[in-house]
2 protein chains.
Amino acid sequence: MQELKDLIRSEGKYLGDGILKIDAILNHQMDPNLIKRMGETIADMFRDEKPTRILTAEVSGIAPALMTALALDVPIVYARKHKPVTMYGPIFLETAPSHTKGGETFLMVAAEFLKPGERILIVDDFLASGKTILALCRMVQQAGCELVGVATVVEKIFEGGRDKLERLYGARVESLAPIAYLDNEKIVFDDDPKGIEV
Amino acid sequence: MQELKDLIRSEGKYLGDGILKIDAILNHQMDPNLIKRMGETIADMFRDEKPTRILTAEVSGIAPALMTALALDVPIVYARKHKPVTMYGPIFLETAPSHTKGGETFLMVAAEFLKPGERILIVDDFLASGKTILALCRMVQQAGCELVGVATVVEKIFEGGRDKLERLYGARVESLAPIAYLDNEKIVFDDDPKGIEV
């Protein structure tokens, strides 16, 4: 998605240690029309797989996942990281180490919103080492659903998440801005090996 | 918003202690078209106030706030409750006691996304005692922005948040489903004093 790549080049900031700051685009401030176009682009990629539900994780996955769900006209459920008092009854619980916050993150989805036989498209903001999305995949499997694919806004290919998702779940993985390489001077997208100085 | 009230009556569950569970509608699973209609309804209520930015708080405020921002074609910023490593530079930090999770919640917005002179519409999922939204109002004030109003999806009028927002900030408050009374047998909306057995 060229528009997004251009924005990441102009607004994104590399903080070192593999951390890309795109708070002005996705993780704090958002342009709702851009997020809508992201959702439409993801929907177009996976429409033929006939997903019946979008699964994401709070917090920053919600916006692109909601817009994907809107474009596909299917419900969305977002995994909670902190159990609210309104969550009761059987749940699927997985844990994943958090890259940007440290420690271990819980992911919880009520069983009533992940029923056997559903065709699940996972949508999230970032794919790096894949730990959060792998936890969501384990839930999809436990729930007896079918995983039709994984879509992320930004992918840091060099962190290997895609390989694990393909190998462990046979997942089709698509990302709107796949980053091959990242350093203090350059953000190099996968399909643009020369990169652009930032 | 009649459609929403009907859904709350059919899908909502009163858990006691003032807690209304609408996880099937807003706080866990969502119908993206319903959320879009919520956003459009809120946008219609406040369009004449010419908001330049939507402010909400993660997690459950994001979806209705994003759809409001889409309908108004303005950016949205969501207050973070946990500081991600990508957040640096000056921030506005407020605290609010959490009703559904216990303890104290932090709310953080980077100063770069809340600039003096902006016309802010606060959108959130629930208005109860108003503690979260009052914290957002304090941020708006500190930032030198103008508060054009507060819109919430569900309001529990009997918890008094509206009174505080009006008294302390002169805020115009609108809610899509204002609940006057809630007990094990009934959810009574403000404009329908007879209520409906649930």
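**View 1. The loop around B:Val59 lies between strand E4 (53-57) and helix H4 (62-72) of chain B.** Helices (H or I, at least four residues) and strands (E, at least two) are DSSP runs, numbered from the N terminus. A cis peptide bond, with omega of about 10°, joins B:Glu58 and B:Val59. In chain A, a cis peptide bond joins A:Glu58 and A:Val59, with omega again about 10°. A:Val59 is in the loop between strand E4 (53-57) and H4 of chain A. Most peptide bonds are trans. The model is predicted: local features need pLDDT of at least 70, side-chain atom pairs count only at pLDDT 80 or more, and totals for chains, interfaces and linings use all residues. Residues are numbered from 1 along each chain as its sequence is written, while chains are lettered from A and ligands numbered from 1 in the order in which they are written.

**View 2. The rotation axis relates chain A to chain B.** The superposition is by least squares on the C-alpha atoms of residues with pLDDT of at least 70 in both copies. A:Val59 comes closest to the axis among the residues of chain A, at 3.0 Å (C-alpha). The same surface serves both copies, as 100% of the contact residues of chain A recur in chain B.

**View 3. Chain A touches chain B through 35 residues on each side.** Two residues are in contact if their C-beta atoms, placed from the backbone, lie within 7 Å. On the side of chain A, the elements giving two or more residues are helix H2 (23-27), strand E3 (29-30), helix H3 (32-46), helix H4 (62-72) and strand E5 (76-79). H4(A) gives the largest share, 5 residues. By residue class, this side divides into 20 nonpolar, 7 polar and 8 charged. Ala, Val, Leu, Ile, Met, Phe, Trp, Tyr, Cys and Pro count as nonpolar, Asp, Glu, Lys and Arg as charged, and the others, Gly among them, as polar.

**View 4. Strand E3(A) pairs with strand E5 (residues 76-79) of chain B.** The two strands run antiparallel and are joined by 2 bridges; pairing requires that DSSP finds at least two bridges between the strands. B:Ile76 in E5(B) is the bridge partner of A:Met30.

**View 5. H4(A) packs against helix H3 (residues 32-46) of chain B.** The angle is about 105° and the axes are 8 Å apart. H4(A) is therefore roughly perpendicular to H3(B), a term for angles of 65 to 115 degrees. Axes are lines fitted to C-alpha atoms, for helices over the stretch in contact, and angles run from 0 to 180 degrees between N-to-C directions. H4(A) makes the contact with A:Leu66, A:Ala69 and A:Leu70, and H3(B) with B:Pro32, B:Asn33, B:Ile35 and B:Lys36. These residues divide into 5 nonpolar, 1 polar and 1 charged.

**View 6. A:Asp17 has a positive phi in the loop between strand E1 (13-14) and strand E2 (20-21) of chain A.** Its phi is about 55°, although A:Asp17 is not a glycine. Most residues other than glycine have a negative phi.

Notes: Angles under 35 degrees count as roughly parallel, over 145 as roughly antiparallel, 65 to 115 as roughly perpendicular and the rest as oblique.
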